[in-house]
Amino acid sequence: MAQHFHQEYMAVPPVTRTYTTACVLTTIAVQLDILSPFQLYFNQSLIWKKYQVWRLFTNFTFFGTIGFNFVFNMIFTYRYCRMLEEGSFRGRTADFIMMFLFGGVLMTIIACFVNLVFLGQAFTIMLVYIWAKRNPYIRMNFFGMLNFNAPYLPWVLFGFSLLLDNSVIVDLMGIAVGHVYFYLEDVLPNIEGGVKILKTPRLLKLLFDEGEDEYGEVPDDTRPGGYNWGEDVREQQQPAEQQPEQGAGDHPHQD
């Protein structure tokens with residue numbers, strides 16, 4: 001049993017495994033009163049004046065005490081983080097980490113001007129948004145109530161937050177940061193006269209992409225996500241009846 005769990009755990013891609021483990025352990029530590037949320041939240045005054053730099057990271061790993069909200073967020077974080085890492089970032093761990101760094105830095109800057117002290121949920125929405133934009137034709141089913149294409153998923157979650165009377169600023173931040181990343185990474189370099197602004201430092205590639213050749217490079221025409229800008233939409237669009245339908249928390253079926 002323990003060996004099987006260890007094998008399944010180690011089969012999870014490294015970035016997804018590290019981030020979700022940090023989130024779970026942080027929550028357990030708070031639940032057991034080993035840590036306090038007051039030691040974790042984002043406070044720029046304490047960071048710059050008291051040198052409590054860990055707050056730059058811990059505010060992304062705490063999703064509240066164990067309950068429905070925590071489970072809901074962790075399911076989405078794990079699912080969509082893993083699908084990104086095994087999909088459009090397959091064999092590109094350094095680029096995936098670069099996406100984490102870009103999203104984290106941009107959210108931290110925004111948090112300096114808005115009243116947000118925990119950014120984990122916004123980060124999850126960012127992951128969902130990027131995955132959804134890169135898989136525009138996948139059909140989703142949200143708790144058996146709604147059927148829609150993947151790009152609408154972040155907005156469905158936004159509406160869900162409204163129904164639960166949660167702060168929608170968190171969702172809007174995640175959507176905004178996800179859109180900025182998607183535009184800079186997927187859109188801008190592929191338009192006429194466009195440039196690639198986001199470039200992964202060579203140091204990250206040397207540290208994290210070394211020895212990943214066994215995964216192989218996914219051919220452009222079969223790589224999940226992305227969009228071949230400038231081509232006839234009719235050549236890319238698949239008939240609706242052939243689209244797989246999945247739950248919002250399920251893995252897409254890919255050949």
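Student: Which residue does the side chain of Lys205 meet in a salt bridge?

Tutor: A salt bridge is a side-chain nitrogen of Lys or Arg within 4 Å of a carboxyl oxygen of Asp or Glu. With N and O 3.4 Å apart, the side chain of Lys205 meets that of Asp95.

Student: What kind of model is this?

Tutor: Residues are numbered from 1 along each chain as its sequence is written, and side-chain values use heavy atoms, with hydrogens and water left out. Local features need pLDDT of at least 70, side-chain atom pairs count only at pLDDT 80 or more, and totals for chains, interfaces and linings use all residues, since this is a predicted model.

Student: How many residues apart in sequence are the parts that Lys205 and Asp95 tie together?

Tutor: Helices (H or I, at least four residues) and strands (E, at least two) are DSSP runs, numbered from the N terminus. The salt bridge joins Lys205 to Asp95. Lys205 lies in helix H10 (residues 202-208) and Asp95 in helix H6, so the parts tied together are separated in sequence by 110 residues.

Student: Is Asp95 buried or exposed?

Tutor: Buried means under 20% relative accessible area, exposed over 50%, and partly exposed in between (1.4 Å probe, protein chains only). Lys205 has a relative accessible area of 35% and is therefore partly exposed. Asp95 has a relative accessible area of 13%, so it is buried.

Student: With which residue does Glu185 form a salt bridge whose closest N and O atoms are 3.0 Å apart?

Tutor: Glu185 also meets Arg92 in a salt bridge, at 4.0 Å, N to O. That pair links distant parts of the chain, with Glu185 in helix H9 and Arg92 in the loop between H5 and H6, 93 residues apart. At 3.0 Å, the salt bridge partner of Glu185 is Lys196.

Student: How many salt bridges does a search of the whole structure find?

Tutor: Two of them have been named for Glu185, with Arg92 and with Lys196. The search of the whole structure gives a total of six.

Student: Which helix supplies the largest share of the lining of the second largest pocket?

Tutor: On a 1 Å grid over the protein atoms alone, a pocket is an open set of points where a 1.4 Å probe fits, with protein on both sides within 12 Å along at least five of seven lines; lining residues have an atom within 4 Å of a point. The second largest pocket has 22 lining residues, with Tyr19, Phe57, Phe60, Phe100 and Leu101 nearest its centre. Helix H2 (14-31), H4 and helix H6 (93-111) each supply at least two residues of this lining. The largest share, eight residues, comes from H6.

Student: What accessible area do Val24, Leu25, Ile28, Leu32, Ile34, Leu35 and Ile66 have together?

Tutor: A nonpolar patch joins, within 5 Å, nonpolar side chains (Val, Leu, Ile, Met, Phe, Trp, Tyr) of residues with over 30% relative accessible area and no salt bridge. One member, Ile66, lies in the loop between helix H4 (55-58) and helix H5 (68-86), and Ile66 is partly exposed because its relative accessible area is 48%. Accessible areas come from the Shrake-Rupley method with a 1.4 Å probe; for residues, only the protein chains shown count as cover. Together, the seven named residues of this surface patch have about 620 Å².

Student: What is the phi of Asp33 near?

Tutor: Most residues other than glycine have a negative phi. Asp33 lies in the loop between H2 and helix H3 (44-49), and it counts as exposed because its relative accessibility is 69%. Its phi is positive although it is not a glycine, near 65 degrees.

Student: Where is the place of Tyr51, which has a positive phi of about 60 degrees?

Tutor: Tyr51 is not a glycine, yet its phi is positive, at about 60 degrees. Tyr51 counts as exposed because its relative accessibility is 65%. Its place is in the loop between H3 and H4.

Technical notes. Patches are made of residues with over 30% relative accessible area and no salt bridge: like charges are joined within 9 Å, nonpolar side chains (Val, Leu, Ile, Met, Phe, Trp, Tyr) within 5 Å.
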